[in-house]
Amino acid sequence: MSNLVGYRRSYPGTQPNHLHPPYVSSIKRAPSRSPVYLPHTLSEVTGPVFDSSIVEAKACDLTHQHHGDPLGERIIVSGRVLDENGRPVPHTLVEIWQANAAGRYRHKVDQHDAPLDPNFTGTGHTLTDANGHYRFVTIRPGEYPWRNHYNAWRPAHIHFSLFGPAFATRLVTQMFFPGDPLIPFDPIFNCTADEKARNRLISLFDWETTIPEQALGYKFDIVLAGRDATPWEK
Amino acid sequence: MSLQATTSQTVGPYFLIGLQWLFVDNLAGQGVTGERVEIAGRVLDADGQGVPDAMLELWQANSAGKYAHPEDTQEKPIEKGFQGFGRIPTADDGSFRFSTVKPGRVPGPDGKLQAPHIDVSVFMRGLLRRLVTRIYFPDEPANAEDYALSLVEPSRRATLIARKSPGREGMLEWNVVLQGPEETVFFDV
């Protein structure tokens with residue numbers, strides 16, 4: 001335990017600050033004091049392990065969770081989960097949630113005047129395979145208005161939640177769609193200073209995973225914090 | 001090969017639909033040994049208002065001080081079925097509650113054992129990335145020599161230590177205060 005290797009800290013500018021005033025909700029919720037730097041201990045290099053026993057087989061296909069087909073454009077969202085050293089992150093839990101095609105979430109707080117879809121819940125999960133690959137079948141989420149500022153609209157997005165191998169690698173993010181005209185105006189997308197880092201949240205249209213006469217493919221690779229130095233391999 | 005970790009984004013107001021399937025508010029089911037504790041508190045914003053749309057995730061060792069994780073190679077017992085993970089939402093008034101066993105001491109980087117603690121991630125609408133903090137336990141002599149607590153200025157350490165609920169055995173109170181004089185200490189991990 002004495003030769004414990006921690007995980008890398010983020011590159012400057014590639015992660016948002018907690019306070020980002022254009023995102024109004026951050027003002028009363030972002031801490032005002034700087035966080036205390038904590039070198040990683042055994043508590044941070046370990047983390048919850050989830051195995052296939054908790055994963056429901058149908059959970060990776062959001063278009064087949066009800067009796068009928070959901071409305072909207074079917075899409076395949078797939079990619080790899082890697083660490084900063086370029087290594088795949090195998091068998092890690094990926095959870096997603098999203099609005100339906102009309103831009104409405106199946107959540108009691110969402111009062112947007114757009115229809116719910118009885119055939120779409122908008123949630124899924126899966127484990128990455130041995131090479132870090134994941135794949136979801138879903139429908140393209142709609143854009144929707146919110147009350148952050150006058151005439152505010154969220155670009156279409158899918159929420160992603162990942163664990164990785166350790167408490168230190170936990171990540172929640174959002175995936176956007178290429179060509180969405182709302183992206184440059186979204187204060188949540190814009191919260192990160194580094195433009196390249198921001199733009200990596202935009203998925204790529206992908207012919208390879210597009211299924212003829214079925215569904216367009218979008219590729220979204222996700223990178224989790226990597227080990228600070230290469231640990232000894234057995 | 002060197003990549004950069006993907007940018008964090010907020011969980012937003014609707015995370016319940018995607019994350020509630022994995023809610024765990026009892027980290028110590030049958031067969032898990034140790035001192036039972038129930039920890040309750042509130043998440044409070046800059047105005048002292050409860051945050052109704054927050055979520056806490058918990059990560060802890062068992063009562064012997066061993067994590068259910070392959071990198072914990074200590075030769076200590078661990079109960080079958082003990083995972084050490086919890087995930088709980090806040091209620092409309094910002095309150096939360098979970099039950100568990102008090103974790104044992106795990107090794108620290110300074111060669112000493114750390115004081116019993118639970119790692120906590122806090123997510124909510126308005127937070128662009130998670131907050132990380134720890135829950136420590138009251139009446140715990142090991143707190144005085146704990147590695148992470150020693151990094152915190154003494155006047156703020158109390159924000160990390162749960163308080164006993166008078167007259168209620170096994171009940172502890174611990175709050176997440178986002179701003180103000182009682183602001184909780186958060187860690188950069």
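**Stop one: a strand pair in chain A**

Select A:H159 and look across to A:Q174 in β9(A), which stands opposite. Before going on, a word on what's loaded: it's a predicted model, where local features need pLDDT of at least 70, side-chain atom pairs count only at pLDDT 80 or more, and totals for chains, interfaces and linings use all residues. Residues are numbered from 1 along each chain as its sequence is written, while chains are lettered from A and ligands numbered from 1 in the order in which they are written.

Buried takes 20 or more other C-beta atoms within 10 Å of a residue's own, exposed 12 or fewer, partly exposed in between, with C-beta atoms placed from the backbone.

**Stop two: across to chain B**

Bring up both chains: 68 residues of chain A are in contact with 61 of chain B (C-beta atoms, placed from the backbone, within 7 Å). Then pick A:V36, which stands opposite B:F187 in β10(B). Here 2 bridges join β1(A) to β10(B), residues 187-188, and the strands run parallel.

**Last stop: a loop in chain B**

Find B:P166 in the loop between β7 (163-164) and β8 (171-173) of chain B. B:P166 counts as exposed because it has 7 C-beta neighbours inside 10 Å.

Note on methods. Two residues are in contact if their C-beta atoms, placed from the backbone, lie within 7 Å. Two strands pair if DSSP finds at least two bridges between them. Helices (H or I, at least four residues) and strands (E, at least two) are DSSP runs, numbered from the N terminus.
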